[in-house]
Each structure stands twice: as C-alpha cells, then as structure tokens.
Amino acid sequence: MSTLYETTVEVSGGRNGKIKSEDGILELEVRTPKELGGVGGHTNPEQLFAAGYAACFDSALNLVMSQVKVKPSAPSIVKATVGLKQNGQGGYGLEVALAVTIPGVSQEQAQQLVEKTHTVCPYSNATRGNVDVQLQVV
C-alpha cells in the first residue's frame with residue numbers, strides 16, 4: 001500500500017513545551033493539565049488526540065454513510081473523551097469514549113453505521129487491541 005498523506009510535527013519540551021507542524025499551520029504551546037499537577041491554561045496531548053480521533057471518526061462515518069446512501073437530517077457529531085490512566089506495569093495508557101450523534105437516523109441504523117465506521121477509521125484501526133475504545137450512539 002502506498003502512503004496517501006504524511007505530515008510531521010516537531011515537539012520540544014514535552015507536556016510543557018511547544019508543537020509546530022512542518023507547514024506552520026499548527027503551532028501551539030502545550031501544558032500539563034491542572035488535574036495532573038500542571039498549570040493548565042493550554043491544550044495538552046490528550047485534547048489533541050481527542051480532537052484528531054473525533055475528526056477522523058466523523059470523516060470516516062460520513063464516508064460510510066455516503067457508501068450506503070444514508071443522509072442524516074443534520075451533520076453528524078462525534079464527541080471524543082480521552083482518559084489517561086496507569087497501565088499497572090509502571091507506564092500509562094489511554095482510554096477513549098466516542099459518543100456519536102446521527103440526526104434523523106434510527107438508533108439501530110446509527111449503531112450499525114458506527115460499528116462499520118469503527119472498522120474503517122484509521123484511528124480506530126491504530127488503537128484496536130491497544131486502547132479501550134467505547135462506542136455510544138446518542
């Protein structure tokens with residue numbers, strides 16, 4: 001398979017540093033959240049992961065819906081909640097909950113679409129077997 005898209009982001013300072021994409025579009029300071037003993041006030045890696053996963057999942061959902069010719073009555077919404085937890089082996093892991101809203105689509109059909117999307121989304125495929133991902137149709 002060939003790579004369809006590639007990007008590079010440089011980070012200095014870790015959780016209390018700066019991030020910058022190679023094209024300069026993404027340039028942010030990150031800080032450890034207050035809940036983890038930091039100062040907060042800026043974005044953090046978990047928020048960035050949640051944003052990326054939600055955006056990617058919603059795009060994959062729209063692809064799946066177009067393939068099966070389902071048209072929601074309004075744009076779909078994906079809310080990603082990302083948690084940082086200890087893994088019991090001296091390290092850390094992530095947990096993810098995706099709450100998906102597909103207006104004008106039955107609960108049963110929405111559940112089927114979300115489950116299909118979970119097999120298509122690159123983030124879902126990257127995390128499968130490594131990150132606990134809970135799917136909820138709202």
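These legends accompany a set of close-up views of one predicted model.

Local features are described where pLDDT is at least 70, side-chain atom pairs count only at pLDDT 80 or more, and totals for chains, interfaces and linings use all residues. Residues are numbered from 1 along each chain as its sequence is written, and side-chain values use heavy atoms, with hydrogens and water left out.

**View 1. The whole chain and its order of elements.** Welcome to the overview, where the chain shows 3 helices and 6 strands (DSSP runs of H or I with at least four residues for helices, and of E with at least two for strands, numbered from the N terminus). Starting at the N terminus, the elements follow the order β-β-β-α-β-β-α-α-β. The C-alpha trace spans about 45 × 35 × 30 Å along its principal axes. Of the 138 residues, 34% count as buried; buried means under 20% relative accessible area, exposed means over 50%, and partly exposed is in between, with a 1.4 Å probe and protein chains only. The accessible surface amounts to about 9,000 Å², and carbon and sulfur atoms account for 52% of that area (Shrake-Rupley method, 1.4 Å probe; for residues, only the protein chains shown count as cover). Among contacts between residues at least 6 apart in sequence, 45% join residues at least 24 apart, a contact being heavy atoms within 4.5 Å.

**View 2. The largest pocket.** Rolling a probe the size of a water molecule over the atoms shows where empty space is left. Here the largest pocket holds about 450 Å³ of space. Of the 16 residues that line this pocket, Thr7, Val9, Leu26, Gly52 and Tyr123 are the closest to its centre. A pocket is an open set of points on a 1 Å grid over the protein atoms alone, where a 1.4 Å probe fits, with protein on both sides within 12 Å along at least five of seven lines; lining residues have an atom within 4 Å of a point. Grid points are joined across faces, edges and corners, and the volume is the space filled by probe spheres set on the points. Strand E1 (9–12), strand E2 (18–21) and helix H1 (45–67) each supply at least two residues of the lining, and H1 gives the most, with 4 residues. By class, the lining has 11 nonpolar, 4 polar and 1 charged residues (Ala, Val, Leu, Ile, Met, Phe, Trp, Tyr, Cys and Pro count as nonpolar, Asp, Glu, Lys and Arg as charged, and the others, Gly among them, as polar).

**View 3. Cys56 and Cys121.** Is this cysteine pair buried or exposed? Cys56 counts as buried at 18% relative accessibility, and Cys121 counts as buried at 0%. A disulfide is a covalent bond between the sulfur atoms of two cysteines. The search of the whole structure finds 0 disulfides, the criterion being a pair of cysteine sulfur atoms within 2.5 Å. The closest cysteine sulfur to that of Cys56 is in Cys121, 3.7 Å away, so the two are too far apart for a bond.

View 4. Ser21 sits in strand E2 and is buried, with a relative accessible area of 7%. Not counting residues up to four places away in sequence, Ser21 touches Thr8, Val9 and Leu26. Glu10 belongs to strand E1 and counts as exposed, at 63% relative accessibility. Leaving aside neighbours within four places in sequence, Glu10 is in contact with Lys18, Ile19 and Lys20. For scale, the C-alpha atoms of Glu10 and Gly41, 31 residues apart along the chain, are separated by 21 Å.

View 5. Thr32 lies in the loop between strand E3 (27–29) and H1, and counts as buried at 11% relative accessibility. Setting aside residues up to four places away in sequence, Thr32 touches Arg15, Asn16, Gly38, Val39 and Gly40. Lys69 is found in the loop between H1 and strand E4 (77–86). Its phi is near 60 degrees, a positive value in a residue other than glycine, and Lys69 counts as exposed at 69% relative accessibility.
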